[in-house]
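Subject: Two-chain model, with notes

Hello,

My notes on what was found follow it.

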Amino acid sequence: MTEMTDQPIPTAPPRSQWRDIWEQFKSHKGALLGGIVFLLIVVSVFLGPLLWPYDATFIDIRSRNQGPSWVHPLGTDQLGRDMLARMMAGGQTSVSVGITAMLLALVLGSLIGVLAGYFRKLDNILMRTTDLFLALPLLPLLLVMVLLFREPLNAAFGPETGIFILIVTAIGITSWMPTARIVRGDVLALKEREFVLAARSIGTTNFRMITRHILPNVMSPIMVSATLGIANAIITESALSFLGLGFPPDFPTWGRLLFDAVDYMQQHPQRVLWPGLAISLTVLSVNYLGDGLRDALDPRIRGR
Amino acid sequence: MLTFTFRRLVLAIPTLLFISLVIFSLLQLAPGDPMAQVPLTVPPEVKERMREALGLGAPVHIQFFKWLVQFFWVEPQVLIDSIFGTTFSEGKLRVLSWQTRSPVMDIVVQRLPQTLWVVGMSYVLGVMIALPIGIYSAYRQYSAFDQIGTFVSMVGFSVPTFFTGVLLIVIFSVNLGWFPSIYDTTHKVSDWDSFMFQIRQMIMPVAVLALYNAAQISRFMRASMLDNLNQDYVRTARAKGLGEKTVVLVHVLRNSMIPVVTVIALGVPQVFGGAIITEQVFKVNGLGQLLITSIEANDLPMVQTLTFIFALLIVIFNLIADVLYGILDPRIRYD
C-alpha cells in the first residue's frame, strides 16, 4: 500500500480562474498603477475631510486669493475658502456621480442586453431602441434635460440632492447603449453552448438560467464597461458643470471648480490647474484600469 | 450594395421622425415662458395674442406637424430658391427663432462656417497625425516609440478638452501672450497680415480638438494594424519577397484601414457635439455656442432645430460608415 502514496501527487493546488486573472492583471504595470492611483484618489477624497481642519464652505474673507502656503497647501479662492478642502469636497461629488451613474447605466445596459440576447422575441425591438438611442445627440440632450428638470427636482428634493439625482439619471440613461450591445452579443453566443442546453434539460427556469448561468459568464465585459463608464460619467459631469449647467456654485465639483477658476485664470492660474489635474488623473487611472481588466479578463490573451 | 443603401435610407426616415418626436416632446416640458421678457405693462390679452402668433396656442400634435412641415418642406424650398433664384418658398412660414424672430436656418448658416473651419480643420489634422503614429507604433510594438505613443494617446484621450483648452490659454495667452484667447469671428482675411492673425487665433482651438481626435483614432489604428500584422497573408507577402515597405504600407495598411475609416466616419458627428465645449472655452461663435445661448434663453425652435441637425449628422454618418464598410471590405455582403 505504501507504493500508492509514493505516486507523484500534485503539490500545487488547482489554480482558480480569479487567480489567473489577478496574475495577468498584475503583469500589466499601467493597470496596476491605475488601480492604485484611483483607490488613493477615492480614499483621500472621502477620508481626507475627516483629517483636514478646514471646511469646504468656511469663508475667511481676510485670507482670500492666497497662493500655496503651509496653512493652505493649494491656496484659497476669492472668498478665502481653502482650496484643498474644496477639492476634496468636489472630488466626493465627482466620484460619487461617476460611480452612481455608471451603476445605473450598467444595470440598464445589462438588463436590456440580457433580455435582448436571451429572449428572441424582445431582441428586435430592444436593439432598435438601442440604435435609436445611439442616434440621439447626447450632449445637447443632456444640456436640455438639465435645463428642463432642474427646477422641479430642486423643489422636490432640495438643491443638492435634486441636481445629483438629475445628473446621475441623465448620464445613466444616455450611456447604457454600448454595454447593452456588448452583453447582447455575448449572451447570444452563450445561449448556444452545451452547458446551457444541459441546464435547460434538467428543467432550469428562465430566471434561474439568467442569474445562475448567463450573468456570471458575461461579468467580464460588464466589468470592463463599468470602468470605462466611470471615466465617461466623470467627464460628462465635469463638462456639464463647466458649461454652467451642473451643480450650483456653493456645492463644488471638480468641473464646477474649474469653471469658477476660469474667471480668475489671469491672476491665479494655479486654481485652474488643480481641478483639471484631478479630473484628468482620475479619468486616466480609470482608463488604464479598464485596459488592464480587459486584457486580464480575455481568456485568449491570458496565459500568453 | 445599391439596394442596401436604399433600404438604409428608407429606414433612416422613421428613425429621424422618432428622434424629432423625442426632442419635441422633451422640449414641450420646458418650464420657461417665451413671454417672460415682455414688459409687465403689456396687457394679458395682448400677451395671449403674441403667444398665439408664436404658434403656442395650437395643440401639441399640430405644433409638431407644423415644425415638421417647416423643416422638411419649406426650408429645402428656401435652399433651392437661394441657389437658383426661384420663388417656391414665397409667403411660406419658416422656422422662426423666438429670440431674434428671424428664420432659424439663416442664423445656422451664419454660424456654420466658424464651426466648420475649427472642427473640420481639427478633425483633418487629427486624422493626419493619428494615422502615421498608429501605423508606426503597431509596426514597432513595445518599442520606446510605441510606449510613449500609447501613453500620450491615453493621456490625450483621458484629459477633457475643457481642461486642455484652459491650460493652453493660461500658457500661451496669459503667460506668453502669443495667441489671442478669444476667437474673433468678425475677422476677415484680406491680406497676409490678417491671414496670419486668422492662423494665430485658430491654432489653439484646432490644437485642442486635434489632440483629442488624434488620441482616439491612433488607438484604433494601432489596434487594427496589430490585428493584421500577424495574419497569414502578411507572411505570404514577405515569403514571396516583397519589400518591407510594400508589405506594411500596401498589404497590411489597406486591410487595417477598413475599420479605421468607419471609425473616422462615425466620429464626425461626435466631434460636432464635442466642439460645443471647445467653442465655449475659446468663445468661438459657432453652432455649439448658439445651442448653449438658445438653451439659456429658452428659444425652443432654435434648440429643437439645432438638436435635430446634430441627430441628422449622426444618422447620415452612420449610413456613410455602413456603406463605406461594404465598399471597402469585399467580404461583407449586405444583400
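What pattern does chain B follow, read along the sequence? The pattern is α-α-α-α-α-α-α-α-α-α-α, from 11 helices and zero strands; helices (H or I, at least four residues) and strands (E, at least two) are DSSP runs, numbered from the N terminus.

Conventions: this is a predicted model, in which local features need pLDDT of at least 70 and side-chain atom pairs count only at pLDDT 80 or more, while totals for chains, interfaces and linings use all residues. Residues are numbered from 1 along each chain as its sequence is written, chains are lettered from A and ligands numbered from 1 in the order in which they are written, and side-chain values use heavy atoms, with hydrogens and water left out.

The chains

The C-alpha trace of chain B spans about 85 × 60 × 40 Å along its principal axes. Chain B has 335 residues, 45% of which count as buried (buried is under 20% relative accessible area, exposed over 50%, partly exposed in between, with a 1.4 Å probe and protein chains only). Of the contacts (heavy atoms within 4.5 Å) in chain B with a separation of 6 or more, 69% are between residues 24 or more positions apart.

Chain A has 13 helices and zero strands. Of its 304 residues, 48% count as buried. For chain A, 69% of the contacts between residues at least 6 apart in sequence join residues at least 24 apart.

Helix packing in chain B

Helix α7 (residues 192–229) of chain B is crossed by helix α5 (residues 144–158) of chain B at roughly 130°, and the axes come within 8 Å. (Axes are lines fitted to C-alpha atoms, for helices over the stretch in contact, and angles run from 0 to 180 degrees between N-to-C directions.) The angle makes α5(B) oblique to α7(B); under 35 degrees counts as roughly parallel, over 145 as roughly antiparallel, 65 to 115 as roughly perpendicular and the rest as oblique. The crossing is left-handed, meaning that the near helix is turned anticlockwise from the far one by less than a right angle; clockwise is right-handed. The contact of α5(B) with α7(B) has five nonpolar, five polar and three charged residues (Ala, Val, Leu, Ile, Met, Phe, Trp, Tyr, Cys and Pro are nonpolar, Asp, Glu, Lys and Arg charged, and the others, Gly among them, polar). Among the residues that meet are B:Asp146 and B:Phe157 in α5(B), and B:Tyr212 and B:Arg222 in α7(B).

Helix α4 (residues 104–139) of chain B also crosses α7(B), at roughly 35° and with axes within 5 Å. This crossing is right-handed. Its contact residues divide into 25 nonpolar, six polar and one charged.

Aromatic pairs

There are five aromatic pairs over all chains; rings of Phe, Tyr and Trp (its six-membered ring) pair if their centres lie within 6.5 Å, and planes under 30 degrees apart count as stacked, over 60 as edge-to-face and the rest as tilted. A:Tyr118 and A:Phe119 are edge-to-face, because their planes stand at 85°, with centres 5.0 Å apart. A:Tyr118 is buried at 6% relative accessible area, whereas A:Phe119 is partly exposed at 25%. B:Tyr136 and B:Phe145 are also edge-to-face, at 4.9 Å centre to centre and 85° between the planes.

A:Phe242, A:Phe259 and B:Phe162 form one aromatic cluster. A:Phe242 is also touched by A:Val262, which touches A:Val272 and B:Val166 as well, not counting residues up to four places away in sequence. A:Val262 is in helix α12 (residues 254–262) of chain A.

Regards
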